[in-house]
Structures are given as structure tokens and as C-alpha cells.
Amino acid sequence: MSITRRQVGIAGLGVPLALAMTGTAQAGPRHPRTLYIAGDSTAAQKYADAAPETGWGMALPFLLHRQLTVANHAVNGRSSKSFVDEGRLGAVLSAIRPGDLLLVQFAHNDEKTADPTRYTEPWSTYQDHLRLYVEGARARGARPVLATAVERRRFDADGRAVPTHGEYPAAMRALAAEERVALLDVQALSLALWQELGPEETKRYFNWTATEQDNTHFNPPGAIAVARMVARELLRTRVLAPRDVRRPDGEIPESWITWPEADA
């Protein structure tokens, strides 16, 4: 099904009359830019009770210069739909300002066909919801950026890395082309890296512990590797300039990753 204009308004995407008439956001005073992340558990901030699980959004600030702040709004278990329905996109859009960036990565939970609160169909409702992020950012003078979902750790019997996101990456690529939105192809890059590393070496990048074998979420080395992909793609697509990125090939010690205590 398609999302109506009324639903767009409910999602927090209504724009002031002046903007609606001109179709552009008015430029405000210059301010340090913020890169907002809207996504799921693969990007989200993790807390002490989840360590060593690490979202790639936790590592991204170490790859960007300090004048570009990262505001990580990614949350465990969310899809492009549930993030909107819970008012989380509205909260981001209430804070975002002209010149800021909105980086959007969803698919892991959009794929959950048994859960109507999260499921979206790749070529209809998934794209419809992604448009809410794109249109909402643009209406506020911010720049939307779409990132295909990072791949899970899955190999076939011959040791080949297997894609796990079905049609969702293709649907996002098509939408990005249609809407002329910068696309970070993290799915393709991560699949290639897992193939290069192989079944055993990839365990060092995922949340494999003595009690858990997690093929979806990362530990610090994995989060740093994926964040590096994101930073390099932001450069490749010219969303960011070289002056915005630091340590593109430099070492980021695992000890820099920390897990704060969760709020009571």
C-alpha cells in the first residue's frame, strides 16, 4: 500500500506554509553540522549490559572530524516503519537543521514478515517509508543519505558469503536513483569483506563470545570496519569532503569503544 499525504503529516513531516509554497527550506545561521543516524541494532548505541556488542554508529565519530557531530538515533529492533510509527523520525526531524545530514539504514527488521508492526514489502511499503525520511530531511534543508543494510555473517557449504537481505538492497538502490539521493552501498561492501575474510576470520568481527554466537551484531573490530566503510562511502559519494574525515586508513584502537551505563 502507499502512504498518504495525511500519514506523512502524522509522521512529523508537515512543513511550514512558507516552505510548502516555495518548496525549499530557508537558510538559517551557520552552525556546526550534525550527522543523524536513523537505523536498527547494527548501528545503535550499546550499553554496559550488552558489551562487547557494538553498533557501527559507536565507531563512526572516530572517523569524522570533531566539527561534524554524530547524533546516533538508531535503536535495536526497529524497521523503517516502526521507527516512524513510534515517533522517532518525528523527533529527529524536530531537531535537524539546514546543512545537517540524515543517514538512513534499515532492512534487518523490515524483513520480519510475521510482525506487522515492523514488516514492509521491498518494492512498496519499504520504499514508501524511506521516502518519509528523504522528504522530511529535504523539507528542513538537510541532506538525506541512504545506506543499504550491512550484511549478516552467513556462508554456504563452499565457504561463499551469502546475501541475506533479499530485494531490500535493490529496492533502496532504485529509490536512491529515482530520488537522486546519495547511496552508501554498505551491503555490497560488507558482503565482499566477509567473503575476503572467510567463515572463520569473520567470527572476529561479530559478537561471538563464550556464551553467544551472534551472526548479525558486531564487536568493536566489526563495528570499526563497518564504520570505515560508511566513512569511505560518504567520501566517495561526495557527501563529505576530505577535510570532514579523519583516520580513513589509520588505526582505531578497540579501547576507544566504551559502553556507558544505561539510563535508569
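In which sense do β3 and β4 pair, and over how many bridges?

1. β3 and β4 pair in the parallel sense over four bridges, where strands count as paired if DSSP finds at least two bridges between them, and V104 stands opposite L146 in β4. The chain crosses from β3 through helix α6 (residues 122-139) to β4 in a right-handed β-α-β crossover, that is, with the strands pointing away from the viewer, the path from the first strand over the helix to the second runs clockwise.

2. This is a predicted model, in which local features need pLDDT of at least 70 and side-chain atom pairs count only at pLDDT 80 or more, whereas totals for chains, interfaces and linings use all residues. Residues are numbered from 1 along each chain as its sequence is written, and side-chain values use heavy atoms, with hydrogens and water left out.

3. β4 also pairs with β5 in the parallel sense, over three bridges, and A147 has L184 in β5 as its bridge partner. Because four of its five residues are buried, β4 is largely enclosed by the rest of the structure; buried means under 20% relative accessible area (1.4 Å probe, protein chains only).

4. Leaving aside residues up to four places away in sequence, W56 touches residues including I37, L103, A223 and V230, contact meaning heavy atoms within 4.5 Å.

Conventions: Buried < 20%, exposed > 50% of the residue type's maximum accessible area, 1.4 Å probe, protein only. Helix = DSSP H or I, 4+ residues; strand = E, 2+ residues; numbered from the N terminus.
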